[in-house]
Amino acid sequence: MNIIGPDYLVFGVDDVQACVQYLTDYGLKPLGIDASGGYLEALDGTGILIRHRDDAGLPAAMGTASTLRETVYGVADEGTLQAIETELRKDREVRRGDDGVLRAVDDMGFALGFQITRRRELALPGEVSNAPGSATLRPVNDLGASNDMPALPRSLSHVVCFVPDAEKAEAFYTRLGFVCTDRFIGTGPFLRPAGTLDHHTLFFIQTPPFMKGIEHFTFHMAGPTEVMLAGSRFVEKGYESFWGPGRHQLGSNWFWYFNSPLGCHVEYDADMDLHDDSWAPRTAPSSADTSQYFLFRHTEKWMPGGKPE
């Protein structure tokens, strides 16, 4: 099944204005925003839909503190939608909305949608390093960074969820063509759908039932410099860093996580590994040592030396 990845996430929140402002400051473009919420998009059109928690049009809340109400996946074509519908109708209710989205609920109680993807194809350069000996370098006199770089989110990357039964959760998505790329022992799997080479678009963390819900979501940036710039600008706007910046081991992606009013963490990421079906999944113990190669902590700018007193 040619599922590409998440097209958008739907949240039902207490403070619509604060969440819209947060995502705007994060770098998403607000569209059609009013008092009831609206959509905020990345450069390729993937994004986040914000609504008030009492909005009658939202899927039911999960009964935990999680504010995630729906994950809508983009698929390649109508044939994929039909294949998903056929598979899911074997053991659950499936319906198509007036918006063309095929909807169901997974085995953990997460509301899902599937649509022919609306993401726009991007033709933008990524970050290039002037590494000695490399055949790929930036053009002469082309700066590697500047204060004027926009550093905007390009595409919705992945979602991480707390689940009470990671094995059962994985089995459901395996039915839809997701494969495990790597696994943290005792925690859960990193899952990649068939329509992307990204290391993962979904990761499960085994937790008690009362924690069930979203842990974080993230958007891809152009490279580590944009992660650092966007994160630094976010801190300067008053938002609280949670974890990072650093670089993960499984997936190799650069990361920087922030607290948010959406009831979950929000991450910037860049330079994730790509894998095809020849990749052999790795297993690793779940620990600080295996979670990141290195970890930095943000501090205010300074300069050594300075004027003598």
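Colleague: Why is Leu-152 called partly exposed?

Modeller: Its relative accessible area is 32%, and partly exposed is the range between buried, under 20%, and exposed, over 50% (1.4 Å probe, protein chains only). So Leu-152, at 32%, is partly exposed. This is a predicted model, in which local features need pLDDT of at least 70, side-chain atom pairs count only at pLDDT 80 or more, and totals for chains, interfaces and linings use all residues. Residues are numbered from 1 along each chain as its sequence is written, and side-chain values use heavy atoms, without hydrogens and water.

Colleague: Where is Leu-152 found?

Modeller: Leu-152 is in the loop between strand E8 (111-116) and strand E9 (155-163); strands (E, at least two residues) and helices (H or I, at least four) are DSSP runs numbered from the N terminus.

Colleague: Why is Ala-60 called exposed?

Modeller: Ala-60 has a relative accessible area of 66%, and the limit for exposed is over 50%, so Ala-60 is exposed. Ala-60 lies in the loop between strand E4 (47-52) and strand E5 (68-75).

Colleague: What makes Asp-182 count as buried?

Modeller: Its relative accessibility is 0%, and buried means under 20%. Asp-182 therefore counts as buried. Asp-182 is placed in strand E10 (residues 179-185).

Colleague: What joins the side chains of Asp-182 and Arg-282?

Modeller: A polar contact of 2.7 Å. The term covers a pair of N or O atoms within 3.5 Å; within protein, one must be able to donate a hydrogen and the other to accept it, and residues adjacent in sequence count only if both atoms are side-chain atoms.

Colleague: How do you know that Asp-55 forms a salt bridge with Arg-51?

Modeller: The closest N and O atoms are 3.9 Å apart, and a salt bridge is a side-chain nitrogen of Lys or Arg within 4 Å of a carboxyl oxygen of Asp or Glu. The pair therefore meets the definition. Asp-55 is partly exposed at 27% relative accessible area, and Arg-51 is partly exposed at 24%.

Colleague: Which parts does the salt bridge of Arg-103 and Glu-70 tie together?

Modeller: Their side chains meet at 2.6 Å, N to O. Arg-103 lies in strand E7 (residues 102-105) and Glu-70 in strand E5, so the pair ties together parts that are 33 residues apart in sequence. Both Arg-103 and Glu-70 are buried.

Colleague: Is Arg-92 buried or exposed?

Modeller: Arg-92 has 16% relative accessibility, and buried means under 20%, so Arg-92 counts as buried. Its side chain meets that of Asp-107 in a salt bridge of 2.8 Å, N to O.
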